Amino acid sequence: MQGGRGDEGLLDKVARVGRAIPGALYALGRSVKSLLTMEAFSDMLQEHKLPHTVWLLGVRYTLAHQPGSAAGNEEARPVIDESQKFKMDMWSRMWFSYRYNFHPIAGTELTTDTGWGCMIRSGQMMIAQALVHHHLGRDWRLLHTSKYNELPSDYRKVLEMFLDHPCAPLSIHSFVRAGQQVGKKAGTWFGPNTVCSAFSKLHAGGALGSDSSLQLLAYDGNDGDNTIYTSEARELLQAGPLFILLPTRLGVSAVDASYIPKVAHVFSFPQSLGFIGGKPSSAHYFIASQGEAVYYLDPHTPQPIINISDKDHRSFHSSAAHRMLLQHVDPSLTFGFYVKDEADLSDLCDRLTTMNQALGGYPAISVAEKKSVPAADLNFDETEDDDGVILI
């Protein structure tokens, strides 16, 4: 009997190791690829002479001695290095990556999102940042020494909404269910617009809870309209602060050169939540810009599911500073903004208008009072006068 129980325990251990192997191999493959491309990437950044100034979701930092920094682009002067503050800010953003060994997604045998869930994870990160900004403010920082049960209750509430459990309102399971409502099968890759549609479904279904005052304005990226309409935004702001999701397409195969300075400049806005996008089938959450380069949080690190009772919140944060040039970003991306009131909306619109006028060309993001109605959709009241002329 004892031997039988011992054999059973060994088999359980073997099974656990077996389940972990796919995620471990995936992580190893990405690490090797990263090492092979790191030197070439550093050379590429060096050629672009990046400035010392970095904008991370509306907060400015000065970084010294960064690979690719441009001493020749800026005046030769002492640079105050704020890299530690920058890393602390990055660390304070919630980071959601691939997980494995979670409860199977309903109707499937999927127990991991490795290989297909990166855009959902990127969307989760942006949504989490909107909620952290809403509940704790942009200046809140997470200390490395913080114990989970000592953290603000609002932080714990937000994090637990995203845990990989079927009952968590913003879990991978919930996003897959919502994606099925808009035509996406479980286990398939989402685009940035699909993530917006899925979150709209979840928000409408009360995913944020009855006590949340955060409103949502999610535009449809299929209409090709990169415009924020202020009339509907102001209407929603009557009920509380507003989370704006704006899917855009800014080129054919990559972000067009004319849009690059505009996309980079948006990170300087205090309302900015960055954008989600990346490359085909490889999504990231972009949170900062440095000249023509952008920093991002990378979801492509498989981790085992954790029990929140373990209080291991540190696996949901990362200070790894990944960068890529905007010219290599896929043109389909979704911007996010957090607008606290009507005055904040006016400030955002003024910043966008000023940017568009200063940089010229076609705007990456436009502003208008309301959407114009196509002439074909107008319902005219027609009458006929005595001479047979149609009066409109």
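In this predicted model, V158 touches M94, A128, L131, V132 and H135, leaving aside residues up to four places away in sequence. V158 is part of helix α4, and A128, L131, V132 and H135 are among the residues through which helix α3 meets α4.

**V158**

- The relative accessible area of V158 is 2%, so this residue is buried, the cut-off being under 20%.
- Between V158 and A128 there are 6.8 Å in space, C-alpha to C-alpha, although the two are 30 residues apart in sequence.

**Helices α3 and α4**

- Two packed helices are described by the angle between their axes and the distance between the axes.
- For α3 (residues 118-136) and α4 (residues 153-161), the axes come within 10 Å and cross at roughly 160°.
- Angles over 145 degrees count as roughly antiparallel, and α3 and α4 are therefore roughly antiparallel to each other.
- The crossing in which α3 passes α4 is right-handed.
- On the α3 side, the contact is made by A128, L131, V132, H135 and L136, while α4 contributes D154, Y155, V158 and M161.
- Sorted by class, the residues in this contact comprise 7 nonpolar, 1 polar and 1 charged.

**Helix α5**

- Helix α5 spans residues 172-181 and is mostly covered, with 7 of its 10 residues buried.
- Those buried residues are I172, H173, S174, F175, V176, A178 and G179.
- They pack against α3 and against α6 (192-204).
- After α5 comes G183, which has a positive phi near 95°.

**Helix α6**

- From the first C-alpha to the last, the 13 residues of α6 reach 18 Å, close to the 18 Å expected at 1.5 Å a residue.
- The buried residues in α6 are P192, N193, T194, V195, C196, A198, F199 and L202.
- The cover over these buried residues includes the helices α3 and α5.
- Strands also take part in that cover, including β4 (215-218), β6 (242-249), β7 (272-279) and β12 (332-339).
- α6 is followed by G206, whose phi is positive and near 85°.

- Helix α3 makes contact with α4, has buried residues of α5 packed against it, and is included in what covers the buried residues of α6.
- Helices α5 and α6 are also joined by contact, since the buried residues of α5 pack against α6, contact meaning heavy atoms within 4.5 Å.

Conventions:
Residues are numbered from 1 along each chain as its sequence is written. This is a predicted model: local features need pLDDT of at least 70, side-chain atom pairs count only at pLDDT 80 or more; totals for chains, interfaces and linings use all residues. Side-chain values use heavy atoms; hydrogens and water are left out. Axes are lines fitted to C-alpha atoms, for helices over the stretch in contact, and angles run from 0 to 180 degrees between N-to-C directions. Helices (H or I, at least four residues) and strands (E, at least two) are DSSP runs, numbered from the N terminus. Angles under 35 degrees count as roughly parallel, over 145 as roughly antiparallel, 65 to 115 as roughly perpendicular and the rest as oblique. A crossing is left-handed if the near helix is turned anticlockwise from the far one by less than a right angle, and right-handed if clockwise. Ala, Val, Leu, Ile, Met, Phe, Trp, Tyr, Cys and Pro count as nonpolar, Asp, Glu, Lys and Arg as charged, and the others, Gly among them, as polar. Buried means under 20% relative accessible area, exposed over 50%, partly exposed in between (1.4 Å probe, protein chains only). The expected span of a helix is 1.5 Å times one less than its number of residues.
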